[in-house]
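Biologist: Could you take a close look at one part for me? I'd like to go through the aromatic rings.

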Amino acid sequence: MWAALGAQDMSGQIWSNVSEQDKTNVATVVGALPPVKSNSGPPALPPDDGDANSSTGTLTKTRPQVKEPSMFKVILLNDDFTPMDFVVHVLRKFFHKVDPEATAIMLQVHHQGAGVAGVFSHEIAETKVYLVNEYSKQNQHPLKCIMEKDQ
Ligand code: TYC
């Protein structure tokens, strides 16, 4: 919902010294407000939505952003050479798993080919994948870690 509020809009536009008509024109150009009838009635800003700072001419977007962030599974892949105890160590070190869960995930990977070490935001998942793969290389194990969008 839009309201006539505050001192700046979301793009940083300063509204002081701008006529009411100009404000509505700008808002219309950027698609922030519905078209308004020209030269009739009061300034064509939308109704006050009850926010506290509605006495100045700033447009503030108050609509809640409803989309939840995507989540990503971080997955360990099986191979024939990485020692089981190294995989359990990785699960403890990077994913804060403790036994018996760490061993259960390692065995799931060993038997099924892949297993989920955790589910994270994109940025955290990317970091975990990078750190685990680097750590495995440093220790000369072929263990591979990947990420995949959840759901
Ligand atoms: N398959 C490996 C072995 O037999 C163990 C292993 C488990 C490797 C999980 C990788 O992600 C992995 N030594």
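Is phenylalanine 95 buried or exposed, and what is its relative accessible area?

Modeller: Phenylalanine 95 is buried, with a relative accessible area of 6%; buried means under 20%, exposed over 50%, and partly exposed in between, using a 1.4 Å probe and protein chains only. Keep in mind that this is a predicted model, where local features need pLDDT of at least 70, side-chain atom pairs count only at pLDDT 80 or more, and totals for chains, interfaces and linings use all residues. Residues are numbered from 1 along each chain as its sequence is written, and side-chain values use heavy atoms, leaving out hydrogens and water.

Now the rings. Searching the whole structure turns up 3 aromatic pairs. Rings of Phe, Tyr and Trp (its six-membered ring) pair if their centres lie within 6.5 Å; planes under 30 degrees apart are stacked, over 60 edge-to-face, and the rest tilted. Phenylalanine 94 and tyrosine 135 make an edge-to-face pair, 5.3 Å centre to centre with 70° between the planes. That pair links helix H2 (residues 84–95) to helix H4 (residues 122–138), across 41 residues; helices (H or I, at least four residues) and strands (E, at least two) are DSSP runs numbered from the N terminus. Both phenylalanine 94 and tyrosine 135 are buried.

Back to your residue: phenylalanine 95 forms a tilted pair with phenylalanine 120, at 6.2 Å centre to centre and 35° between the planes. Phenylalanine 95 sits in helix H2 and phenylalanine 120 in strand E4 (residues 114–121), so this pair ties together parts 25 residues apart in sequence. Phenylalanine 120 is buried too, at 18% relative accessible area. Ring pairs also join Phe86, Phe94 and Tyr135 into a cluster.
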